[in-house]
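Dear colleague,

I am handing over the structure we spoke about, and the notes below it set out what was found. Please read them with the model open beside you.

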Amino acid sequence: MRPAAAAAECLGERMATKQPVTDWATDFDVLDPNYVADPFSIWDDLRIGCPVAHTDRRGSTWLPTRYADVTAIAHDIEHFSSLEVAVIPFDGEPPEDPVLPYGLPPISADPPLHTWTRRLLLPWFSHRKVGEYEAMTRALCARLVDGFASTGKADAAAGYAQQIPVRVIAAILGVPDTLADTFTGWVRDVLEFADDPERRRSGVENLINYFIAELAQRRQHPGDDLISALLQTEVDGVPVEESVVLGTAALVLIAGVDTTWSAIGSALWHLATHPDDRRRLVDEPEVMDFAVEELLRAYSPVTMARVVAKDVEYAGCPMKAGDRILMAFPAANRDPAVFENADQVVIDRAVNRHVAFGSGIHRCAGSNLARMELRVALEEWLKRIPEFRLAEGAEVAWAGGQVRGPRILPVVFP
Amino acid sequence: MKVTVDPDRCQGHSRCYSLVPEVFDTDDFGTSTVKGDGTVPAELEDRVRLAVANCPEGAISLSEE
């Protein structure tokens, strides 16, 4: 075949994957604009009609939407591996990368690699440690709100939510927060443009090349940051391999930015559109801890993936080795079998076993940090802007796929 | 009332520690433990029941003495 014809056919295939979805049970697409805009009604229908949906777009992929199924699969690490966790597979990329032979541990690892690499990371996100980051986070949020509080309007996503987690993570990694916008751009390239393989690849390369240079620099001049500490860590008397440190550093940035910013943005969208809940939080700050959990449940940002390790029949579905499973934690959290009034935000919901941070051995290692950032971001905003709503005719833009949250969120306030 | 946390089931969600820090503790790796011998003061029983109901891993058990 001549190259031009091959390219045309390739393009044809790419176009084909963008056909609108008409049957969500057998041909779903998480990048379909309808799914990005309102996945909730799709999940509700699937849970009743076809609780483990399937698609052949981008390879054979399954989508469980019930809480019981999502958590059962998360716990079955024998059949469901984390070696591939991207919701959209990397296009034509070989999974073996000589620079990152271990991927991004521990998120993209199974035991035993998962176990010890996770233990390296967890102490940096313990309650005690996260407590140390709170004052810095609070000062950052206050400074951001003070920047626009007197102007009567803001983009609560791009101008606020997006600005917070990247700077907190930068401090933990010991990288300059003057590069915050650059880091944000790379992370978005990796997570939000799965349909654009070139852009995705360049995001990964930029991130990895940056951290390769940082690691070399940190070997010469260690600081009191996570990267320096990992470089000096020994496990069973052997220094941690540089490629593990590299993968883990990249993971912390990728996993700690888009996710939390999406949670903060979705929470502000909710409060901008639900004045009763907003007033309640202003009048009764003690409700905040429950509200944080409820907003995480109702607007869980993150869907992960697993890859089937060996053929298995699950819930009547013949899953083949290599198939992908989308871990729709956000759908599980809307399951009426587990949550009363699952489709509504009950701002002071007391019983809330949500799995916004996953379930089982891959529970989000940064969950304490994410919770603190969400709570502090809302507190500092409400302290200064207790009344706000969507701007007239505002066009809110949502990102979806691996991470769902608002990217443009114009609000106005007195 | 006595409370225990199964360290093999606990995955460090920290919901119990956040809800009842008087009764639960959490180590550097996120695993929850109970303080002392796990005896729950009467005034904290309701909150400990809430912690049980909020554990996503079902790792917390209660026993009446």
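**A proline on the surface and its surroundings**

A:P275 is exposed, since 12 other C-beta atoms lie within 10 Å and a residue counts as exposed at 12 or fewer. Please keep in mind that this is a predicted model. A:P275 belongs to helix 13 of chain A, which covers residues 275–283. Although A:P275 and A:R389 are 114 residues apart in sequence, their C-alpha atoms are 8.0 Å apart in space.

A:R389 leads in turn to a sheet, for it stands opposite A:V412 in strand 14 of chain A. Strand 11 and strand 14 (residues 410–412) of chain A are joined by two bridges and pair in the antiparallel sense. They belong to an open sheet of three strands in chain A, with the order 4-14-11 and antiparallel pairing. Strand 4 (153–155) and strand 11 (389–390) of chain A are its edge strands, each of which pairs on one side only.

**Chain A as a whole**

Chain A contains 16 helices and 14 strands. Its radius of gyration is 21 Å, close to the 22 Å that the globule rule gives for 414 residues, so chain A is as compact as a globular protein of that length. The C-alpha trace of chain A spans about 65 × 55 × 45 Å along its principal axes, and buried residues make up 46% of the 414 residues in the chain. Of the contacts in chain A between residues at least 6 apart in sequence, 70% join residues at least 24 apart.

**Helices of chain A**

Helix 14 of chain A (residues 288–298) has eight of its 11 residues buried, so it is largely enclosed by the rest of the structure. The buried residues are A:A291, A:V292, A:E293, A:E294, A:L295, A:L296, A:R297 and A:A298, and they pack against helix 12, helix 13 and helix 16 (367–384) of chain A.

Helix 12 of chain A (residues 242–273) also packs with helix 9 of chain A (residues 180–192): their axes come within 9 Å and cross at roughly 90°. The two helices are therefore roughly perpendicular to each other. On the side of helix 9 of chain A the contact is made by A:F183, A:T184, A:V187, A:R188, A:V190 and A:L191, and on the side of helix 12 of chain A by A:L253, A:I254, A:V257 and A:D258. By class, this contact has seven nonpolar, one polar and two charged residues.

Helix 9 of chain A has a further partner in helix 8 of chain A (residues 165–173), with the axes 10 Å apart and an angle of about 105°. Helix 8 and helix 9 of chain A are therefore also roughly perpendicular to each other. Here A:V166, A:R167 and A:A170 of helix 8 of chain A meet A:A180, A:F183 and A:T184 of helix 9 of chain A, and the residues of the contact divide into four nonpolar, one polar and one charged.

**The five-stranded sheet**

Chain A also has an open sheet of five strands, with the order 1-2-10-7-3 and mixed pairing. Strand 1 (52–55) and strand 3 (80–81) of chain A stand at the edges with a single partner strand each, so one side of each is left without a neighbour in the sheet. Strand 1 of chain A pairs with strand 2 of chain A (residues 61–64) over four bridges, in the antiparallel sense, and A:H54 stands opposite A:W62 of strand 2 of chain A. Helix 4 of chain A (residues 67–75) lies across strands 1, 2, 3, 7 (304–308) and 10 (324–327) of chain A, and runs at about 120° to strand 10.

Between the chains, 18 residues of chain A are in contact with 15 residues of chain B. The side of chain A that touches chain B has, by class, seven nonpolar, seven polar and four charged residues.

With best wishes

Technical notes:
Residues numbered from 1 in each chain as written. Chains lettered and ligands numbered in written order. Predicted model: local features only at pLDDT ≥ 70, side-chain atom pairs only at ≥ 80, totals over all residues. Contact = placed C-beta atoms within 7 Å. Nonpolar A, V, L, I, M, F, W, Y, C, P; charged D, E, K, R; others polar. Axes fitted to C-alpha atoms, helices over the stretch in contact; angles between N-to-C directions. Parallel < 35°, antiparallel > 145°, perpendicular 65-115°, else oblique. Pairing = 2+ DSSP bridges. Rg over C-alpha atoms; globule rule 2.2 N^0.38 Å. Buried ≥ 20, exposed ≤ 12 C-beta atoms within 10 Å, placed from the backbone.
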